[in-house]
Amino acid sequence: MKPPPFRYIAARSVEEALGALHEAGGEAKLLAGGQSLMPMLNFRLLRPAVLVDINRIPGLSGATEDADCVRIGALTRHTDLQNAPAIRARFPIVADALSHVAHLAVRNRGTAGGSLSHADPAAELPMLACLLDARIRTQRAAAANTRDAAAFFLGPLATAMEPDEMLVGIDLPLLPERHGWGFAEHARRHGDFALAAVAVILSAENGSMRNVRVAAMGVGDTPLRLPSAERVLEGAPFAPESLAAAADAVRGALAPMSDLHASADYRRHLAGVLAVRALRAAWERAAA
Amino acid sequence: MSEHRTIRLRVNGRAYERSVESRLLLSDFLRDALGLTGTHVGCEHGVCGACTVLVDGRSVRSCLMLAVQAEGAEVETVEGLGSPDRLSPLQEAFRAHHALQCGFCTPGILMTCVDLLRNRRPASDDEIRHALSGNLCRCTGYDHIVRAVRAALDAARDTPG
């Protein structure tokens, strides 16, 4: 339950961190908030030769509103993201969903970039990145790269980033002024990894749902957008039949895993229930 | 193979300088290098909350932080709250409301509550329970702990400043 030995480097700049990653040739790990990496080291599930601590790199924290997006620095702690005025004003769904992330002391350390890089399929921020069409900014040697969230998550704990690539920021494109959001999650205990969660964004136009986006987590290898459910809902009246059809579409799109905590069938059923809850919440906010 | 580094930090207001192995956890540093054994070690993977301390004013799991990462930091542990003769108001509330039994989880719960009382000011018992959800207690159940936190919160509110 103690980390194996490693060489520790406290990087002072992105360039220094990238240099150390490159030099280690795949044998290094970046240490941000450490709330997933440190347990893996303590369990010795990982034995990196080099640990590159990026916590002292200036300029990687904070969430600020730009012309067409909110820019989030990779090192922004969950607690600070929850409280950031730009997030509260533009993406209250992010603040709401983050309250489901583990516990206070974990949110005080855990970072936005760390959560996305870790790519746990049952984590809130990766799902929100998919829902919100986030652009994920990375740096590798001298080259900056931007990927859409849809192309970023490849599998459980796997992303499109190269071993010597570093996530530096997340841009959330601004949503239309009038939209509603809904986030519904179920976990055995608050703060545990979710059995499933569903998030929804939509607009209300003359009693119908428009610009509908649906995402789910905990029910696949990666966080998922559910285009089949989005198609069923787009332009549909907000009515019990539409919600039932959406729940069916969500269930039909998923092939979740069974594990100790829930069977695949239960997770599939639950995702439909959560989708209806998230849709109702989103509609109420959109129509308000 | 074992790489050492010298770190300087403050713990409960006192300055320390020590050479530590890079892989040493902050929890083990506090207990073994500084002899501050009030910080308890339970699960060592961030689940139980027994090792919770404050780093630069925020509650963190000291088993999920390396000692070398605390270079330059201000750390607060349960030893900084009060002494057996002079309990802090929060500790006094825990005693008055029977909020501990075996005491293993108590240092971590107290430090979580310090963060809560200083930085968050919860309005409802629900918020207190939410904050305590990251600290496992297997003796008392949480009712007495919530009562103690509520009492400490009310007392702090009645004495402004």
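Student: Which strands of chain A does helix α11 lie across, and at about what angle does it run to β12(A)?

Tutor: This is a predicted model. Helix α11 of chain A comprises residues 264-287.

Student: In what order do the 4 strands of the open sheet stand?

Tutor: The pairing in this sheet of chain A is antiparallel. β11 (180-186) and β14 (224-225) of chain A each have a single partner strand, so they stand at the edges, with one side of each left without a neighbour in the sheet. The order is β11-β12-β13-β14.

Student: What is the bridge partner of A:Trp181 in β12(A)?

Tutor: Strand β12 of chain A covers residues 196-205 and is joined to β11(A) by 7 bridges. These two strands run antiparallel. Within β12(A), the partner of A:Trp181 is A:Ile201.

Student: Is A:Pro176 buried or exposed?

Tutor: A:Pro176 belongs to the loop between β10 (165-173) and β11 of chain A. A:Pro176 has 10 other C-beta atoms within 10 Å, so A:Pro176 is exposed.

Student: With which residues is A:Pro176 in contact, leaving aside its neighbours within four places in sequence?

Tutor: A:Arg137 is 39 residues away along the chain, and its C-alpha atom is separated from that of A:Pro176 by 23 Å. Once the neighbours within four places are set aside, the contacts of A:Pro176 are with A:Ser203 and A:Asn211.

Student: Which residue in the turn of the hairpin formed by β6(A) and β7(A) has a positive phi?

Tutor: Strand β6 (residues 135-140) of chain A pairs with β7(A) in the antiparallel sense, over 6 bridges. In this pairing A:Ile136 stands opposite A:Arg147. The hairpin has 2 residues between its strands, and the one with a positive phi, of about 50 degrees, is A:Ala141.

Student: What is the radius of gyration of chain A, which has 288 residues?

Tutor: Chain A contains 11 helices and 14 strands. The globule rule gives 19 Å for 288 residues, and the value for chain A is close to this, so the chain is as compact as a globular protein of that length. Its C-alpha trace spans about 60 × 45 × 30 Å along the principal axes. The radius of gyration of chain A is 19 Å.

Student: Which element gives the most to the side of chain A that touches chain B?

Tutor: The contact takes 25 residues from chain A and 26 residues from chain B. On the side of chain A, β1 (7-10), α2 (37-42) and α6 (104-109) each supply at least two residues. By class, this side has 13 nonpolar, 8 polar and 4 charged residues. The element that gives the most, with 5 residues, is α6(A).

Student: How many charged residues are in the contact of α4(B) with α5(B)?

Tutor: Helix α4 (residues 125-132) of chain B packs on α5(B) at an angle of about 115 degrees, with the axes 10 Å apart. B:Asp125, B:Ile128, B:Arg129 and B:Leu132 in α4(B) meet B:Ile145, B:Val146, B:Val149 and B:Arg150 in α5(B). The contact has 5 nonpolar residues and no polar ones, and its charged residues number 3.

Technical notes. Residues are numbered from 1 along each chain as its sequence is written. Chains are lettered from A and ligands numbered from 1 in the order in which they are written. This is a predicted model: local features need pLDDT of at least 70, side-chain atom pairs count only at pLDDT 80 or more; totals for chains, interfaces and linings use all residues. Two strands pair if DSSP finds at least two bridges between them. Two residues are in contact if their C-beta atoms, placed from the backbone, lie within 7 Å. Axes are lines fitted to C-alpha atoms, for helices over the stretch in contact, and angles run from 0 to 180 degrees between N-to-C directions. Ala, Val, Leu, Ile, Met, Phe, Trp, Tyr, Cys and Pro count as nonpolar, Asp, Glu, Lys and Arg as charged, and the others, Gly among them, as polar. The radius of gyration is taken over C-alpha atoms; the globule rule is 2.2 Å times the number of residues to the power 0.38. A residue is buried if 20 or more other C-beta atoms lie within 10 Å of its own, exposed if 12 or fewer, and partly exposed in between; C-beta atoms are placed from the backbone.
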